[in-house]
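Subject: Structure handover

Hello,

Here is the structure for you to look through. Please open it first, then read my notes below.

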Amino acid sequence: MSVPTTRDVLDHAPLRFIVGPTASGKTALALALCERLGAEVVSLDSMLVYRGLDIGTAKPTAAERAAVPHHMLDLVEPSERFDVQRYLNELRGTLADLERRRVPALLVGGTGFYLAAVLRGLFEGPPVDPEVRAQLERRAQEVGPEALHAELSALDPVSAARLHPNDVRRVVRALEVAAQTGRTLSDWQREWGSGPGPRETRARLIGLEVPTDELDRRIRARTAAMLDAGWREEALRVRSDPGFGPSAIQALGYPEVLAWADGAATRAETEALIALRTRQFARRQRTWYRKFAIHWLPVDAPDLVERACACLDPAT
């Protein structure tokens with residue numbers, strides 16, 4: 001849903017966020033706050049846009065979505081490509097609709113790159129050089145996506161870590177930026193995300209702070225629960241129809257679950273590996289959050305909801 005307008009809704013709509021590492025309890029707090037504030041949840045998660053990726057992405061349940069309306073979920077099939085530009089276009093339509101209905105929006109999620117894009121816009125990079133791009137695309141066909149991704153890993157390990165080898169288009173773009181500018185894409189993005197803009201100065205951001213040991217415990221428990229709930233069957237169903245595209249296959253844990261389903265690992269090995277990769281992902285999330293002025297609240301605070309309400313109130 002995209003509503004054309006001459007005035008960007010992101011430049012005037014109230015922007016309130018709940019962020020935090022995966023498994024920190026963002027959904028539970030969001031539900032409580034929405035009931036208190038009369039708000040609706042707007043997902044700030046790059047993987048909740050895919051239909052059918054429910055268990056493995058910890059998508060809000062049907063009961064949670066019935067209790068409080070949620071937006072920016074189930075937008076595309078896993079076989080479709082989805083990127084941050086499309087997210088922003090859909091988000092503008094959602095926020096415009098909520099604004100017309102005079103309903104507060106609460107943006108909730110852990111995708112730091114999407115948070116940066118909402119608050120600071122997109123890093124556009126240099127214009128496409130058709131010759132450079134054509135050379136890189138030919139190289140991708142000659143050596144294969146894995147080898148091309150390995151070249152990016154040697155040149156720009158930060159960008160390579162967030163891009164799946166099968167996402168050839170973005171791997172090519174990262175190599176293209178480096179070839180054209182002499183600087184890595186991650187360097188450019190670091191500079192782009194280094195300071196607040198007008199949207200950020202008026203935004204309200206709260207984050208859930210969880211001690212590392214407790215977060216590790218939560219991650220292990222949630223991983224086991226998701227596997228028990230049928231994550232393996234979900235992954236097989238999606239792979240069978242409609243299939244994973246280059247964006248959806250990057251969803252945390254799905255490649256590992258499919259390897260287990262194909263007999264390449266045991267349940268115990270899969271569970272341990274997903275928990276490890278989830279902890280690593282949580283560390284990367286925390287790195288992203290350092291770029292922003294977030295008001296951190298301890299997740300175990302007895303007055304968490306009241307403190308969060310106070311932080312989100314523009315009058316305070």
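The notes below go through the sheet, a helix, some single residues and a pocket.

This is a predicted model, in which local features need pLDDT of at least 70, side-chain atom pairs count only at pLDDT 80 or more, and totals for chains, interfaces and linings use all residues. Residues are numbered from 1 along each chain as its sequence is written, and side-chain values use heavy atoms, with hydrogens and water left out.

**The sheet**

Helices (H or I, at least four residues) and strands (E, at least two) are DSSP runs, numbered from the N terminus. Strands of a sheet pair through backbone hydrogen bonds, either parallel or antiparallel. Here, six strands form an open sheet with parallel pairing, in the order 3-2-4-1-5-6. Strand 3 (70–71) and strand 6 (295–298) stand at the edges. Each has a single partner strand, so one side of each is left without a neighbour in the sheet. Two strands count as paired if DSSP finds at least two bridges between them. Strand 2 and strand 4 (residues 105–108) have four bridges, in the parallel sense. In this region, Ser43 stands opposite Val108 of strand 4.

**Helix 1**

How far apart are the end C-alpha atoms of helix 1? They are 16 Å apart. The expected span of a helix is 1.5 Å times one less than its number of residues. Helix 1 (residues 26–37) has twelve residues, so it should span 16 Å, and the model agrees.

Buried means under 20% relative accessible area, exposed means over 50%, and partly exposed lies in between (1.4 Å probe, protein chains only). The buried residues of helix 1 are Lys26, Leu29, Ala30, Leu31, Leu33 and Cys34. Just after the helix, Gly38 takes a positive phi of about 70°.

**Backbone points to check**

Ala23 is not a glycine, yet has a positive phi of about 70°. Ala23 sits in the loop between strand 1 (16–19) and helix 1. Its relative accessible area is 13%, so Ala23 is buried.

Met72 is not a glycine either, and has a positive phi of about 70°. Its place is the loop between strand 3 and helix 3. With a relative accessible area of 4%, Met72 is buried.

Which peptide bond is cis? The bond from Asp241 to Pro242 is cis, with omega near 15°. Pro242 lies in the loop between helix 12 (231–240) and helix 13 (254–261).

- Lys59 is in the loop between strand 2 (40–43) and helix 2 (62–67). Is Lys59 buried or exposed? Lys59 counts as buried, at 8% relative accessibility.
- Thr278 is in helix 14 (residues 267–289). Thr278 also counts as buried, at 5% relative accessibility.

**A pocket**

On a 1 Å grid over the protein atoms alone, a pocket is an open set of points where a 1.4 Å probe fits, with protein on both sides within 12 Å along at least five of seven lines; lining residues have an atom within 4 Å of a point. A volume is the space filled by probe spheres set on the points, which are joined across faces, edges and corners.

The second largest pocket has a volume of about 170 Å³. Its lining includes Ala13, Leu95, Glu99 and Val103. Helix 3 (residues 84–100) gives the largest share, three residues.

Best wishes
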